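Please read them beside the coordinates, beginning with the convention for handedness.

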Amino acid sequence: MKAFISASAIGVYGDTADTVLTEDTPPGLPTHDFLADVAHQWELATEPIAALGIRTVIPRIGIVLSTEGGALPQMARPMKLGAGAALGSGRQFMSWIHLDDLCRLIMAMIDDDNWQGTYNAVAPAPVTNQQFTETLAQVLHRRLVLPKVPAFGLKLALGEMSEIVLASQRVSADKVLAQGFTYEYPELRGALDALYGETV
């Protein structure tokens with residue numbers, strides 16, 4: 001076997017406000033975060049494979065931007081209807097990556113033996129939820145007229161799933177950049193323009 005690639009998620013860090021998170025940041029277990037615990041256990045399950053001498057790479061994937069599924073269409077739908085709004089405080093950080101960059105990154109991890117260990121699979125420019133919402137509104141040519149959606153309302157509607165949109169994770173891509181990877185979409189506006197620019 002040439003390599004073993006095991007996809008994880010930046011949820012492993014838990015809710016960390018504006019702290020910059022690197023691959024050396026411990027998992028967010030002290031917060032009793034269910035998603036962080038699942039991701040941590042998933043990563044621990046790769047250790048027997050690495051112990052066999054098989055090159056093991058763990059990309060911790062951020063919010064993947066695609067019009068075909070995931071979080072972005074869910075955020076864009078109310079925006080297109082004129083009902084877009086920031087979520088919670090709007091100050092929580094979102095660490096994202098364009099689907100094309102993620103595919104290229106995983107291919108690099110497969111093909112290049114220099115990739116080994118854990119990497120944050122995110123773009124180098126995380127933004128707050130407020131910034132993300134405002135940029136998406138600009139790309140979709142919509143105005144933001146509604147107030148922020150309160151956190152308690154999201155918790156009532158989504159339960160534990162609200163953690164996904166309310167948690168703040170400011171994740172560093174420095175290790176990926178140091179490996180020589182070049183992002184096609186390093187900035188949010190360019191990524192959203194590529195996805196929606198010709199369709200709105």
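1. A crossing is called left-handed if the near helix is turned anticlockwise from the far one by less than a right angle, and right-handed if clockwise. Under that convention, the crossing of helix 5 and helix 9 is right-handed, and helix 3 likewise passes helix 5 in a right-handed crossing. Helices (H or I, at least four residues) and strands (E, at least two) are DSSP runs, numbered from the N terminus.

2. On provenance, this is a predicted model, in which local features need pLDDT of at least 70 and side-chain atom pairs count only at pLDDT 80 or more, while totals for chains, interfaces and linings use all residues. Residues are numbered from 1 along each chain as its sequence is written, and side-chain values use heavy atoms, with hydrogens and water left out.

3. As to the overall architecture, the chain contains 9 helices and 10 strands, and 44% of its 200 residues count as buried, where buried means under 20% relative accessible area, exposed over 50% and partly exposed in between (1.4 Å probe, protein chains only). With contact taken as heavy atoms within 4.5 Å, residues 24 or more positions apart account for 84% of the contacts that have a separation of 6 or more.

4. Helix packing deserves a careful look. Two packed helices are described by the angle between their axes and the distance between the axes. Axes here are lines fitted to C-alpha atoms, for helices over the stretch in contact, and angles run from 0 to 180 degrees between N-to-C directions. Angles under 35 degrees count as roughly parallel, over 145 as roughly antiparallel, 65 to 115 as roughly perpendicular and the rest as oblique.

5. For helix 3 (residues 71-80) and helix 5 (residues 129-139), the axes come within 10 Å and cross at roughly 60 degrees, and the two helices are therefore oblique to each other. On the helix 3 side the contact is made by Leu-72, Met-75, Ala-76 and Met-79, which meet Asn-129, Phe-132, Thr-133, Leu-136 and Ala-137 of helix 5. By class, this contact has 7 nonpolar, 2 polar and no charged residues, where Ala, Val, Leu, Ile, Met, Phe, Trp, Tyr, Cys and Pro count as nonpolar, Asp, Glu, Lys and Arg as charged, and the others, Gly among them, as polar.

6. The axes of helix 5 and helix 9 also come within 10 Å, crossing at roughly 40 degrees, so this pair too is oblique. Here Phe-132, Thr-135, Leu-136, Gln-138 and Val-139 of helix 5 meet Leu-188, Arg-189, Leu-192, Asp-193 and Tyr-196 of helix 9. The residues of this contact divide into 6 nonpolar, 2 polar and 2 charged.

7. How is helix 5 itself covered? Its buried residues are Asn-129, Phe-132, Thr-133, Thr-135, Leu-136, Ala-137 and Val-139, and what covers them includes strand 5 (63-65), helix 3, strand 6 (93-94), strand 9 (127-128) and helix 9 (188-196). Thr-133 is buried with a relative accessible area of 2%, and, leaving aside neighbours within four places in sequence, Thr-133 is in contact with Met-79, Ala-85, Ala-86 and Leu-144. The C-alpha atoms of Thr-133 and Met-75, which are 58 residues apart along the chain, are separated by 8.2 Å.

8. Just after helix 5, His-141 takes a positive phi of about 60 degrees, in the loop between helix 5 and helix 6 (151-158), and at 58% relative accessibility His-141 counts as exposed. Ala-17 has phi near 55 degrees, a positive value in a residue other than glycine; Ala-17 is found in the loop between strand 2 (8-9) and strand 3 (20-21) and counts as partly exposed at 44% relative accessibility.

9. Finally, on aromatic pairs, rings of Phe, Tyr and Trp (its six-membered ring) pair if their centres lie within 6.5 Å, and planes under 30 degrees apart count as stacked, over 60 as edge-to-face and the rest as tilted. By this rule the count comes to 2 aromatic pairs. The rings of Phe-181 and Tyr-183 have centres 5.0 Å apart and planes at 90 degrees, so this pair is edge-to-face. Phe-181 counts as buried at 8% relative accessibility, and Tyr-183 counts as buried at 9%.
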